Amino acid sequence: PLIDVDDLEEFAIRPAPQGVTVKCRITRDKKGMDRGMYPTYYLHLEREHGKKVFLLAGRKRKKSKTSNYLISIDPTDLSRGGESFIGKLRSNLMGTKFTVYDNGVNPMKTTSTLEASILRQELAAICYETNVLGFKGPRKMSVIIPGMNMDHERVSIRPRNEHETLLARWQNKNTESVIELHNKTPVWNDDTQSYVLNFHGRVTQASVKNFQIIHDNDPDYIVMQFGRVAEDVFTMDYNYPMCALQAFAIALSSFDSKLACE
């Protein structure tokens, strides 16, 4: 089935169609003076015959105390005030927990009681844990995303304070309207002397950054997978109920994670 991306903004936050894996590719561009520190990441949808359709671009902001990525539907405009700004990914000070927002208003930055509809939505939270092997072995990730309602629409989570955030709900075990996902534990392979996952040909290079995200109830259903195919090229595939913006931001967090010391 052809995936319609005419309206990029709408497509980016629309969950993948049920039963369809959306196959994408991320390229990392390190050219230019400061790109080594602040590369730009481009997300493309893969079409048949090697064609690609641009979806999203992401770049780390420079003057930010914590890791803060802007995500845009225009590959040339990665500014916060631009019309193309669609969302952002922000980390805590440690760089171990991340939250993904849409382009709504930050409730802390407004004094008036705004209508809830323009407050920003939280689309995902990502937590990285160091494992017993320190930084050497596979990383542990928990991904928390808003749940779906009976009509298969995403539940809107627009926190007004710290206690309503996805991370707070997850930490307080208040997971009523959220879905908790985890990375699939890789298996040690004696031949390659490395931890491996089966990516069915979509990933060709070993990397600690490769991962698959699953729900504990159904470990065979891959909600999202990400992995390296070349030095600066990665594949990123996602399934219902995830959307492109969620999956791309989760991938960006894995590039950033302080725990990704290779």
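Which residues does Ile213 touch, not counting residues up to four places away in sequence? They are Met141, Val143, Leu181, His182, Asn183, Tyr221, Ile222, Val223 and Met224, where contact means heavy atoms within 4.5 Å. This is a predicted model, in which local features need pLDDT of at least 70 and side-chain atom pairs count only at pLDDT 80 or more, while totals for chains, interfaces and linings use all residues. Residues are numbered from 1 along each chain as its sequence is written, and side-chain values use heavy atoms, with hydrogens and water left out.

**Confidence**
- The chain has a mean pLDDT of 86, and 89% of its residues reach 70 or more; pLDDT is the predictor's confidence in each residue, from 0 to 100.
- Helices (H or I, at least four residues) and strands (E, at least two) are DSSP runs, numbered from the N terminus.
- Where pLDDT is low, the predicted coordinates should not be read in detail.

**Strand pairing around β1**
- Strand β1 (residues 22-29) pairs with β14 in the antiparallel sense over 6 bridges; two strands pair if DSSP finds at least two bridges between them.
- β1 also runs antiparallel to strand β2 (residues 40-46), joined to it by 6 bridges.
- Thr27 has a bridge partner in each of these strands: Val233 in β14 and Tyr42 in β2.

**Nonpolar cores**
- A nonpolar core is a set of buried Ala, Val, Leu, Ile, Met, Phe, Trp, Tyr and Cys residues joined through side-chain atoms within 4.5 Å.
- Buried means under 20% relative accessible area, exposed over 50%, and partly exposed in between (1.4 Å probe, protein chains only).
- The largest core has 53 residues, of which Ile26, Leu56, Met224, Met236 and Tyr238 touch the most other members.
- Helix α3 (residues 244-256) supplies the largest share of this core, with 9 residues.
- Another core, of 8 residues, lies apart from it and includes Cys127, Ile144, Leu166 and Trp170.
- Beyond four places in sequence, the contacts of Tyr238 include Phe11, Val20, Cys24, Met224 and Ala247.

- Ile213 is in strand β12 (residues 211-215) and is buried, with a relative accessible area of 0%.
- The C-alpha atoms of Ile213 and Lys184 are 5.9 Å apart, although the two residues are 29 apart in sequence.
- Ser84 sits in the loop between β4 (68-72) and β5 (85-91), and counts as buried at 11% relative accessibility.
- Ser84 is in contact with Ile71, Ser72, Ile73, Asp74 and Asp77, leaving aside neighbours within four places in sequence.

**Aromatic rings**
- The structure holds 6 aromatic pairs; rings of Phe, Tyr and Trp (its six-membered ring) pair if their centres lie within 6.5 Å, with planes under 30 degrees apart counted as stacked, over 60 as edge-to-face and the rest as tilted.
- Phe226 and Phe234 are stacked, because their ring centres are 5.3 Å apart and their planes are at 5°.
- Phe226 and Phe255 are edge-to-face, because their ring centres are 5.4 Å apart and their planes are at 90°.
- Phe226 lies in strand β13 (residues 218-230) and Phe255 in helix α3, so this pair ties together parts that are 29 residues apart in sequence.
- Both Phe226 and Phe255 are buried.
- Tyr41, Phe211, Phe226, Phe234 and Phe255 are linked into a cluster by ring pairs.
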